[in-house]
Amino acid sequence: MGLILDMIGGLLLVSGASFLLFGGLGLVRMPDIFNRIQAGAKTTTLGTLLTLAGAACLQPAWGLKLLLIGVFLIFTNPVSAQVLANAAHRRGTQKTPLTKVDHLAEDRGDKS
Amino acid sequence: MDKGKSSKWRDTAILFATLMLFWLMLEGKLEADILIVGTVVSLVIALLYRDGLSFFTEFRFTPAGIIAGFRYYGYFFKELFKSNFALAAIVLRPSLPIAPGIVKVRTKLKSRMGRLMLANSITLTPGTLTVEMEGEWLYIHCVTVASADIEAATAEIVSGFESYLEVMYG
């Protein structure tokens, strides 16, 4: 039983770390701030959640606290991503030339 | 938002219970001194931030609301996995296939907490990020814009979560 739990925990830790790696790769490869935030927000959420779940399998006594960290993460991570994106857009940060539409800039009637 | 006096006290009580639950989960044991500290601090915070939002503010504690809550989280985690695989697929492709843009969508949700949860959920689902929210309008940044049409984008991005959140928060 302990061995199986250890193996599951290890697998979860590795998959969590892989998603974080993809997120890092996304930060480097994406062309502008909005796409980078997209890469960062999603992968850090799932990557960290899987890492926490893996840690909970390896150390069941920490389970409750890790669960609590996970809950806070789910609620705070997207909020920070939204605030960053909003601030960047208000400031008129350069968007990638690939951008097809921007309803927000149209509605604000400002520079794009 | 106009609220009756009783509903305000109800919000305060719910916030107090939520804070107390988190505190006890964090401490992991029931002892007199922990309970006293938790009660005092939770009470002060609950009274100071009674107009704020917390996990169960405006939540409908009805059987339908609770079932919708569980189904919402099931759907949420499914979407979170999908979004991560989708992102990994884009990032690992040498050609980096993206066509980003910011589209406008509309929500039917009325409650503050419902809208907050919707914006958060959209941010964590495949290729979408909430940039701005004005009343019932949400501005969503998409890695790949499927359609710049408001109705089509609303159906694609918002509807999935909205159906659950509508029952949970209204």
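In this predicted model, the residue E106(A) is exposed, because 12 other C-beta atoms lie within 10 Å of its own, and a residue counts as exposed if that number is 12 or fewer.

Chain A as a whole averages a pLDDT of 85, with 96% of its residues scoring at least 70.

We can now turn to the place where the two chains meet. Here 34 residues of chain A are in contact with 33 residues of chain B, and the elements of chain A that each give two or more residues to this side are α1 (2-29), α2 (33-58), α3 (63-90) and α4 (103-108). The largest share, eleven residues, comes from α3(A), and when the side of chain A that touches chain B is sorted by class, it has 18 nonpolar, eleven polar and five charged residues.

The last stop is the interior. In soluble globular proteins, nonpolar side chains tend to be buried together. The largest nonpolar core has 46 residues, of which V105(B), L118(B), L129(B), V131(B), I140(B) and L165(B) touch the most other members, while α2(A) gives the most to this core, with nine residues. Leaving aside residues up to four places away in sequence, I140(B) touches several residues of chain B, including I102(B), V103(B), I122(B) and I157(B).

Terms used:
Residues are numbered from 1 along each chain as its sequence is written. Chains are lettered from A and ligands numbered from 1 in the order in which they are written. This is a predicted model: local features need pLDDT of at least 70, side-chain atom pairs count only at pLDDT 80 or more; totals for chains, interfaces and linings use all residues. Two residues are in contact if their C-beta atoms, placed from the backbone, lie within 7 Å. Helices (H or I, at least four residues) and strands (E, at least two) are DSSP runs, numbered from the N terminus. Ala, Val, Leu, Ile, Met, Phe, Trp, Tyr, Cys and Pro count as nonpolar, Asp, Glu, Lys and Arg as charged, and the others, Gly among them, as polar. pLDDT is the predictor's confidence in each residue, from 0 to 100. A residue is buried if 20 or more other C-beta atoms lie within 10 Å of its own, exposed if 12 or fewer, and partly exposed in between; C-beta atoms are placed from the backbone. A nonpolar core is a set of buried Ala, Val, Leu, Ile, Met, Phe, Trp, Tyr and Cys residues joined through C-beta atoms within 7 Å.
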